[in-house]
Amino acid sequence: MTWLPEASAHAMRIDILLTGLVIISLAVLGLVFGLMLLNVLRFRAGRTTVADHVAARHKSWGFEIAWTSATLAIFFGLFLWATQLYVVGFRPPAGAIQIYVTGKQWMWKVQYPGGQREINALHVPVGRPVQLLLTSEDVIHDFSIPVLRIKHDVLPGRYQSLWFTADRTGSFRFYCTQFCGLAHSRMTGMLTILNAADYAGWLNSTPATGSLVQTGEALFIRNGCSGCHASSRYAPDATDTSRAPSVVGLYGSRVTLADGHAVVADAAFLHDAIVDPPRRSGASYATEMPSFRGVLAEDDLAALVAYLQTLSPSIPQDAGSSSNAAGAGN
Amino acid sequence: MSGTPSPAVQQRSYLWQDGTLRSWLLTRDHKRIGLLYLGSITAFFVLGSIGAALVRLQLLEPTGAILSDATYNRMFTMHGVVMVWLFLVPSIPVTLGNFLVPLMLGARDLAFPRLNLLSWYLFVASGLLVVYGLFRGGLETGWTFYTPLSSEYTQGRVLPVVLGVFLNGFSSIATGVNFIVSIHQLRAPGMTWYRLPLMLWALYATSVIFVLATPVLAITLLLLAFEHLFRVGVFDPTLGGDPLLFQQLFWFYSHPAVYIMILPGMGVVSEIVSTFSHKPVFGYRFVAWSSVSIAAIGFIVWGHHMFVAGTSLYSAIVFSMFSFFVSVPSAIKVFNWLGTMHGGSIRLDAPMLYAMGFIGLFTVGGLTGLFLASLASDVHLTQTYFVVAHFHYIMVGGMVSAYFGGLHYWWPKITGRMYPEIWGRVAAALIFFGFNLTFFPQFILGYEGMPRRYATYPAQFQVLNVLSSAGAGILAVAYLLPLIYFTWSLFRGAQAPDNPWGATGLEWQTASPPPVENFAETPVVTTDAYDYAARDGRADAARVDEGAPHA
């Protein structure tokens with residue numbers, strides 16, 4: 001059995017945190033078992049006289065305060081250390097390669113920006129940030145990559161995000177780690193981390209039927225989205241917002257919802273808004289957008305989300321995808 | 001020493017007065033109801049263990065040694081559901097708690113004897129429903145019933161099991177109400193709150209959780225049943241529901257339920273450590289109030305089950321912080337037990353071995369809990385075997401050790417017979433060894449990335465899985481031993497004196513086994529709990545050296 005490799009700087013930082021936790025645990029265990037053993041050896045029945053119980057009672061406050069505050073101080077340090085490593089997971093860097101991963105009983109479907117698809121396999125380049133956009137077609141799954149020390153639940157009907165920058169090449173297993181029914185334990189696959197040249201070669205040699213952006217643009221017209229939502233090319237006027245808000249510049253902008261709170265329109269927002277259209281604050285449009293739940297499959301939704309992102313040219317896009325995606329629009 | 005008890009004892013004992021089946025099934029005596037519960041939860045413990053044994057056998061081989069995927073999934077579901085609701089949650093409160101609460105209070109019975117009997121019938125009915133569901137059709141959702149797997153995608157019998165667990169909740173609530181009212185109302189003259197044995201503080205805190213958390217589980221399971229039956233959209237996103245809502249509600253009960261399981265164990269350990277150190281519990285008030293704070297803080301940590309589920313960053317940070325807080329009172333208890341032993345007069349009889357096993361294994365469980373309360377490391381470790389190992393250290397290493405310790409400690413009082421001490425110590429040592437061999441390798445498996453609830457696994461994990469299964473074999477034998485020698489002792493065990501351990505509680509001041517009415521006359525309490533100086537003074541005023549008053 002080999003020790004679990006670290007395939008990212010984040011994985012190394014997690015291992016350092018775990019080492020810290022192990023050291024603290026061993027120290028406390030040493031203390032507890034040591035004191036237990038010492039007590040048993042020193043104070044066995046019949047060997048000693050009993051200490052003065054009344055005196056012990058008076059001493060107890062000092063001890064209680066000492067070990068309670070020591071415990072609190074150590075815990076608070078651990079809390080801060082672990083929290084700052086967790087927060088980074090919520091902040092994917094701009095320009096990360098976006099790969100769409102859909103779980104269904106019992107397989108993982110993977111779609112690349114260039115239109116490549118595969119099942120139970122994920123190819124990524126070394127040294128570049130990758131963002132996985134995860135969703136499920138049925139029950140809750142979980143996408144777990146132990147060598148990167150990350151995982152996230154995969155929920156039906158909404159997007160979750162997981163990002164990483166791999167720093168070594170190789171093939172490593174990923175798993176479904178949320179129990180999802182009969183063949184749960186067979187819902188695994190291989191993550192292959194390639195160097196830049198090999199990754200480009202792999203993208204080119206893998207058959208693709210049109211880039212995600214092209215597919216998404218076609219879906220945008222075919223499903224009637226362009227009839228209401230102004231986009232740069234298909235509505236009469238990119239600023240006509242009488243029937244629906246414009247999708248030009250929507251990605252990455254701040255949207256205020258009817259309940260008053262503002263959200264940044266990221267990939268997850270775009271996906272969830274198509275499936276379950278939110279109400280905007282102060283909005284009054286001629287028509288109400290229907291839900292596309294069950295109308296559009298998850299791979300179509302992925303394409304639409306990829307297309308909508310290109311309508312915000314000021315937001316850095318994944319530069320790598322354009323090599324194999326003619327007409328990506330940026 | 002062995003042989004039949006004297007006719008005088010027999011006549012007064014709750015065990016022998018009216019031995020008809022009818023008198024047992026309609027009894028309102030808390031002691032008999034405790035024994036009815038003991039019999040039922042032992043049966044469920046055996047059933048849950050069979051599930052565990054099959055799971056461990058299956059995992060000997062990477063491709064699965066004996067079961068199909070479907071059967072494996074049903075077996076770990078059965079193991080979880082049966083162990084959590086039909087063994088761990090009731091365990092100490094309904095057996096030792098039922099038997100001891102009135103005795104420790106100096107009362108004749110619990111406040112509501114009929115409610116107490118009703119709770120047992122509810123428990124049996126719920127158990128039968130669950131077993132029916134698990135065996136007619138089977139259930140493969142895990143004990144957590146996550147939606148939409150449980151509501152829309154399972155082929156198993158989710159309804160009877162869910163209704164069984166629903167009923168089970170009412171049994172818990174009945175016990176909780178009974179304990180709370182009894183502890184408030186039935187304390188003997190002079191028994192102030194700070195003179196209560198710590199076992200009662202722990203059971204009081206447990207009862208508060210029973211009463212406040214269980215209704216939320218009941219609501220959640222009803223909603224699940226509605227969605228399953230009538231397709232009302234609550235949790236299923238295709239019906240407009242929210243799958244995370246189920247997890248929020250489920251863990252709002254199920255995390256406090258962890259404290260339902262462990263707090264009574266802590267109470268038992270406080271009693272045992274004090275008795276076998278022959279010394280008052282160090283920092284009595286801190287130990288007492290730490291039970292209450294565990295129960296209180298335990299209500300606001302449920303979100304730590306959902307750090308990778310898709311809840312918000314802020315909720316994760318807040319729940320992580322509270323999760324660190326809740327481990328502080330547990331640490332206080334551990335340090336105080338060690339302080340109790342210090343300067344005592346320690347005897348290593350079987351109950352004390354179990355209690356020390358509890359302290360060690362619970363500490364491992366608590367420390368590994370820090371790995372999971374820490375957000376970033378939780379992301380890597382959650383939903384792997386690390387979590388399985390962690391909660392088994394708390395539930396089995398901790399709670400089951402305390403339960404066995406308590407059974408050995410009060411066995412003479414309950415039955416009027418001594419268990420064979422040598423075998424008690426052998427079993428305690430064997431359980432400790434077998435337990436660690438079973439579950440320690442699982443921490444490493446989890447770090448290496450092996451997901452839980454896998455019927456098959458990559459070959460690189462086999463060595464550790466074989467070690468774990470070997471440990472489970474030892475553990476199975478170790479758990480059988482008490483079952484055998486306890487039964488043997490009922491017929492052949494030495495006659496137990498009233499106070500074989502030289503302990504201080506009121507329960508030791510009456511006969512072994514106690515008479516139906518518990519005490520000939522209501523005891524009057526004049527000293528703190530664990531006042532050995534006063535007790536020894538009474539027993540032998542001239543004694544200076546307090547060593548070993550062996551029975």
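Reply: Let's start with helix H9 (residues 198-230) of chain B and helix H11 (residues 284-297) of chain B, which pack at an angle of about 10° with their axes 9 Å apart. An axis here is a line fitted to C-alpha atoms, for helices over the stretch in contact, and angles run from 0 to 180 degrees between N-to-C directions. H9(B) and H11(B) are therefore roughly parallel to each other (angles under 35 degrees count as roughly parallel, over 145 as roughly antiparallel, 65 to 115 as roughly perpendicular and the rest as oblique). Helices are DSSP runs of H or I with at least four residues, strands are runs of E with at least two, and both are numbered from the N terminus.

Before going further: this is a predicted model, where local features need pLDDT of at least 70, side-chain atom pairs count only at pLDDT 80 or more, and totals for chains, interfaces and linings use all residues. Residues are numbered from 1 along each chain as its sequence is written, while chains are lettered from A and ligands numbered from 1 in the order in which they are written.

Back to the packing. On the H9(B) side you'll find Leu198(B), Trp201(B), Ala202(B), Ala205(B), Val208(B) and Ile209(B), and they meet Val287(B), Ala288(B), Ser291(B), Val292(B), Ile294(B) and Ala295(B) in H11(B). Contact means that the C-beta atoms of two residues, placed from the backbone, lie within 7 Å. By class, the contact of H9(B) with H11(B) has 11 nonpolar residues, one polar and no charged. Ala, Val, Leu, Ile, Met, Phe, Trp, Tyr, Cys and Pro count as nonpolar, Asp, Glu, Lys and Arg as charged, and the others, Gly among them, as polar.

A cis peptide bond joins Thr147(B) and Pro148(B), with omega about 0°, and Pro148(B) sits in the loop between helix H6 (113-135) and helix H7 (149-153) of chain B. There's another cis bond between Ser512(B) and Pro513(B), with omega about -10°; Pro513(B) lies in the loop between helix H17 (462-492) and helix H18 (532-539) of chain B. The loop between H17 and H18 of chain B also holds Tyr530(B), which has a positive phi of about 65° although it is not a glycine. Tyr530(B) counts as buried, because it has 27 C-beta neighbours inside 10 Å (20 or more other C-beta atoms within 10 Å makes a residue buried, 12 or fewer exposed, in between partly exposed, with C-beta atoms placed from the backbone). Gln383(B) has a positive phi of about 65° too, again without being a glycine. Look for Gln383(B) in the loop between helix H14 (375-381) and helix H15 (385-415) of chain B; with 25 C-beta neighbours inside 10 Å, it counts as buried.

How about the partner? Chain A has seven helices and 12 strands, and buried residues make up 41% of its 330 residues. The contact between the chains takes 69 residues from chain A and 76 residues from chain B. On the chain A side, the elements giving two or more residues are helix H1 (9-42), helix H2 (53-87), strand S6 (141-145), strand S7 (150-154) and strand S9 (170-176). H2(A) brings the largest share, 17 residues. That side divides into 40 nonpolar, 19 polar and 10 charged residues.

pLDDT is the predictor's confidence in each residue, from 0 to 100. Chain B has a mean of 91, and 95% of its residues reach 70 or more. Among chain B's elements, helix H1 (residues 7-12) has the lowest mean pLDDT (64) and helix H16 (residues 421-448) the highest (97). Over residues 540-551 of chain B the pLDDT is below 50. Where pLDDT is low, the predicted coordinates should not be read in detail. Chain A averages 85, with 88% of the residues scoring at least 70, and its residues 319-330 stay under 50. For the complex, the predictor gives an ipTM of 0.91 and a pTM of 0.90.
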